[in-house]
Amino acid sequence: MLTLGIETSCDETACAVLDGSDKIRSNVISSSLFRHRPFGGVVPEIASRHCLEQIDFVFQEALSQGRIKPGDLDLVAVTQGPGLIGSLLVGIVFAKTFSYQMGIPLVGVNHLEAHLVANFIGSRKPSRFIGLLVSGGHTGLYLCEKGGCALLGETVDDAVGEAYDKTAKMMGLGYPGGPIMDRLAAEGNSKKYSFTKPKQKNRFAFSFSGIKTAVLYRIRDRKRVTQAFRRDMAASFQRAVVSWLVDKALDAARAKQAKHIVVGGGVSANSELRRVLNSEAAKHGIRVWFPTFELTMDNAAMIARRGVDLYKQGKRDTLTLTGDPNFKVT
Ligand code: KG4
Ligand code: ZN
């Protein structure tokens, strides 16, 4: 079975062709990041216009790289949400039109669930696992079993990727700040600054806005933001947020007696998160899953993979399918 995946939830326009549930025939991504950089964050109107300009080219490219003709495709999977409504609608309208024109089934996919299943392209999915979602817009812990995921806790304010981006912006670093801070952190002293771990009523919930404010005050206290300060702050910030993520993920795994932790979302590319979670989980006999680097960022191969799962479970969408900016993980 050949599945066309389409992803346009934010600033990327992506199309992929998945052969069965494991073989990526093509995975094409056009990012509008360079257009948002001057603004220090994603501008929704610019993002959706970019999707509209790029979708046809990206689709053609995905077919050509996969050596596929439109008539070879058996299924269309498209991101239904969460995301920016303008961007979402571009992919959805394209997917509906293509499915109608070719007479093939259409399945709407949750972008966050797709980030988790990116781990299972080429691997057998464990029957029960803790899902740790760490992206630019969402941060949460889930207990996933029998084809569904139950929310254990999520952030009460900023997502972890957002905290990285905002902190980087305050320090005068570029956008997106996550990868820049990650690189800088490797050269800094992570013990230079310490941050209070936020307390939540729900032990599996997160909060990342306090640390952002703490960094802001440190910057205000200084005459000049030097490169040495940036390095030490990036390292200290990273040590703190990673330890909070790791502690809660392991706590959830132990509480729910899960033997696997599956990580998804843009922040799953973070080097310290990978290092610390792998080593801490190993002490408790827990296996940690991280997607390959190219699948950590927004892509359509993961959308196709989730679409195949849903299709096998009997899900079919119709031409009434529309974008859901707040689409919940189920
Ligand atoms: O999942 P994603 O591509 O977009 C959403 O669906 O939200 O995640 C993007 C986020 C950005 O906030 C970016 O700064 C962060 O992922 N990110 C990282 C790293 N690479 C990307 N954060 C920390 N360390 C990284 N290496
Ligand atoms: Zn994403």
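Which of the 18 residues around ligand 1 come nearest? They are Gly136, Asp165, Asp182, Gly266 and Asn270. Good morning. I shall begin with this ligand and then turn to the cavity, the disulfide and some details of the backbone. Please keep in mind throughout that the model before you is predicted.

Let us stay with the ligand. The shell of residues around ligand 1 can be sorted by class: 10 are polar, 5 are nonpolar and 3 are charged. Three helices each give at least two residues to this shell, namely α4, which spans 111–117, α5, which spans 160–170, and α6, which spans 177–185.

Next, consider the contacts made by backbone atoms. A polar backbone atom of Gly137 is 3.1 Å from an oxygen atom of ligand 1. For Gly178, a polar backbone atom is likewise placed 3.1 Å from an oxygen atom of the ligand. Gly161 brings a backbone N or O atom to 3.2 Å from a ligand oxygen. How much of the accessible area of ligand 1 does the protein cover? On its own, ligand 1 has 560 Å² of accessible area, and the protein covers 84% of it.

With a threshold of 30 Å³ or more, the count is 1 cavity. The volume of the largest cavity is about 40 Å³. Its lining consists of Pro198, Ala205, Phe206, Ser207, Phe208, Trp244 and Lys248. By class, that lining of the largest cavity holds 5 nonpolar residues, 1 polar residue and 1 charged residue.

The next topic is the disulfide. The count for this model is 1 disulfide. Cys144 and Cys149 are the partners, and their sulfur atoms are 2.2 Å apart. Is this disulfide right-handed or left-handed? The torsion about the S-S bond of Cys144 and Cys149 is about 110°, and therefore the disulfide is right-handed.

Where is Pro82 found? Pro82 sits in the loop between β4, which covers 75–81, and α3, which covers 85–102. The peptide bond leading from Gly81 to Pro82 is cis, and its omega is near -10°. A cis peptide bond also joins Tyr175 to Pro176, with omega about -5°. Pro176 belongs to the loop between α5 and α6, and both of these helices supply residues to the shell around ligand 1.

Arg67 is not a glycine, yet its phi is positive, at about 55°.

Thank you for your attention.

Definitions and conventions
Residues numbered from 1 in each chain as written. Chains lettered and ligands numbered in written order. Predicted model: local features only at pLDDT ≥ 70, side-chain atom pairs only at ≥ 80, totals over all residues. Heavy atoms only, no water. 1 Å grid on protein atoms, 1.4 Å probe; cavity = no way out; pocket = protein on both sides within 12 Å on 5 of 7 lines; lining within 4 Å. Points joined across faces, edges and corners; volume = space filled by probe spheres on them. Nonpolar A, V, L, I, M, F, W, Y, C, P; charged D, E, K, R; others polar. Near = heavy atom within 4 Å. Polar contact = N/O pair within 3.5 Å; in protein donor to acceptor, adjacent residues only side chain to side chain. Areas by Shrake-Rupley, 256 points an atom, 1.4 Å probe, with all protein chains shown as cover. Helix = DSSP H or I, 4+ residues; strand = E, 2+ residues; numbered from the N terminus. Disulfide = S-S within 2.5 Å.
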